[in-house]
Amino acid sequence: MYSIKESLAAELAEIREAGLEKAEREITTPQGPRIRAALVGQPQREVLNFCANNYLGLADHPDLIEAAKDALDRHGFGMASVRFICGTQDIHLALESQVSDFVGTEATILFSSCFDANAAVFEPLFGAGDAIVSDELNHASIIDGVRLSKAARFRYRNRDMSDLRAQLQAARDGGARRVVVVTDGVFSMDGYLAPLPEICDAAEEAGALVMVDDSHAVGFMGETGAGTPEHFGVSDRIDIWTGTFGKALGGASGGYVSGRREIVDLLRQRGRPYLFSNSLAPSIVAATLRALELVREAGELRTRLVENAAQFRARMSEEGFDLLDGEHAIVPVMFGDASLASSIAARMLELGVFVTAFSYPVVPKGKARIRVQLSAAHSPEQVEECVTAFVRARTSLDAGAPLDELAADDADA
Ligand SMILES: *Cc1c(COP(=O)(O)O)cnc(C)c1O
């Protein structure tokens with residue numbers, strides 16, 4: 001009989017043969033613009049890192065490390081409880097209040113991750129008789145969260161406002177009671193922003209709420225870093241905000257739902273990942289509080305991030321690479337062919353620059369790309385090194401020359 005072990009092995013082999021296996025790189029340094037890394041089992045090497053969500057460079061910031069150490073002394077290591085039993089410290093409440101203050105909402109509830117925040121938010125708020133209208137490219141955690149709700153589901157084409165209107169109409173025609181439009185603030189594979197003003201208009205006409213998952217923007221988009229709603233000047237039109245502490249805001253872990261008080265209060269009573277999962281660790285809470293303080297004063301870091309992204313986009317265009325247009329620190333360099341994108345990324349790693357190639361099914365067939373992510377911690381010289389590595393990797397593949405020969409040429413020069 002065909003055993004479970006054999007069928008799992010066959011499934012794994014299928015993934016491997018399709019070239020879809022994800023291999024981890026082992027890093028032996030703190031996260032930062034320059035790290036030591038290698039595929040597990042291979043010798044470590046120093047590389048420039050252009051694939052972290054470390055947008056403001058806070059992941060190894062000394063103030064955050066100090067705040068975390070201090071919290072270990074004052075607040076201990078763990079809470080050994082969910083929030084509502086005995087897992088709420090003063091700093092958990094302070095962080096909720098600070099997030100509300102930062103994004104400009106009435107109330108906030110913490111989760112262990114934004115994945116959990118999105119898993120929690122739909123089921124208590126939208127049930128049978130309600131409707132959720134969701135962008136087709138929304139994050140996996142939104143898709144999973146929507147699945148947990150009994151509401152009717154409508155999907156609109158990515159950032160397509162006429163399709164959004166059609167789906168809102170369909171929801172209304174179906175007699176939906178509560179309707180919510182949900183979108184990522186920034187779509188992570190393209191770096192495209194959701195057109196929030198138009199989304200708010202369409203939702204308002206249909207009497208629908210608007211929810212934005214701003215994980216790839218909170219901390220660095222908008223004048224004060226409050227995210228894409230601030231960037232577009234529509235903060236007061238957003239009903240539900242979710243976001244992560246695991247990207248620009250220090251990069252450790254944790255997430256939140258923020259917005260109208262009644263929404264947050266109901267999630268405290270009914271949100272399953274809140275009721276049945278442990279409190280965020282005190283050291284992470286305290287360091288994230290410090291991260292929010294830093295981000296408030298981080299105008300300069302935000303400017304540097306914008307400049308780094310602009311420099312990279314301009315230089316890569318000059319070198320003839322095909323980029324997706326945009327202004328975000330996610331810059332997709334398009335190759336089309338999956339094996340070309342992954343060969344370029346592999347060559348670049350040999351040249352000391354760590355970037356990641358993405359292909360189907362993460363992005364559409366024929367749209368393989370290398371997604372570069374800039375950080376405020378990159379120097380202009382490091383950004384230029386990244387561009388140079390792209391050029392050299394392309395040249396070496398065009399010439400069909402093994403990379404070590406090119407490297408040898410360099411050594412001679
Ligand atoms: C990264 C991300 C998440 C997940 O955040 P975690 O806190 O790591 O769980 C959710 N939504 C979006 C849009 C994201 O980019």
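Biologist: Leaving aside its neighbours within four places in sequence, which residues is isoleucine 344 in contact with?
Modeller: Isoleucine 344 is in contact with Phe335, Ile370, Phe390, Ala393, Arg394 and Leu397 once neighbours within four places in sequence are set aside. Contact means heavy atoms within 4.5 Å.

Biologist: What kind of model is this?
Modeller: It is a predicted model, in which local features need pLDDT of at least 70 and side-chain atom pairs count only at pLDDT 80 or more, while totals for chains, interfaces and linings use all residues. Residues are numbered from 1 along each chain as its sequence is written, and side-chain values use heavy atoms, with hydrogens and water left out.

Biologist: Back to isoleucine 344. Where is it placed, and is it buried or exposed?
Modeller: Isoleucine 344 sits in helix α14, residues 338-350. Helices here are DSSP runs of H or I with at least four residues, strands are runs of E with at least two, and both are numbered from the N terminus. Isoleucine 344 has a relative accessible area of 1%, so it is buried. Buried means under 20% relative accessible area, exposed means over 50%, and partly exposed is in between, using a 1.4 Å probe and protein chains only.

Biologist: What about asparagine 308, which helix is it found in?
Modeller: Asparagine 308 is in helix α13, residues 299-318. Its relative accessible area is 2%, so asparagine 308 is buried. Not counting residues up to four places away in sequence, asparagine 308 touches Leu374, Ser375, Ala376, His378, Pro380 and Val383.

Biologist: Let's zoom out. How many helices and strands does the protein have?
Modeller: There are 16 helices and 17 strands in the protein. Its C-alpha trace spans about 70 × 60 × 55 Å along the principal axes. Of its 413 residues, 49% count as buried.

Biologist: What radius of gyration does the protein have?
Modeller: The protein has 22 Å, which agrees with the value near 22 Å that a compact globule of 413 residues would have. The radius is taken over C-alpha atoms, and the globule rule is 2.2 Å times the number of residues to the power 0.38.

Biologist: And what share of contacts joins residues at least 24 apart?
Modeller: Among contacts between residues at least 6 apart in sequence, that share is 68%.

Biologist: New topic, the ligand. How many residues surround it?
Modeller: The ligand is surrounded by 13 residues, and the closest are Cys114, Phe115, Asp213, Thr244 and Lys247. A residue counts as near if one of its heavy atoms lies within 4 Å. Helix α5, residues 114-125, gives the most to this shell, with three residues.

Biologist: How many of the shell residues are nonpolar, polar and charged?
Modeller: Two are nonpolar, eight are polar and three are charged. Ala, Val, Leu, Ile, Met, Phe, Trp, Tyr, Cys and Pro count as nonpolar, Asp, Glu, Lys and Arg as charged, and the others, Gly among them, as polar.

Biologist: What is phi for alanine 80?
Modeller: Alanine 80 has a positive phi of about 50 degrees, although it is not a glycine. Alanine 80 lies in the loop between α2 (62-75) and α3 (83-86), and is exposed, with a relative accessible area of 75%.
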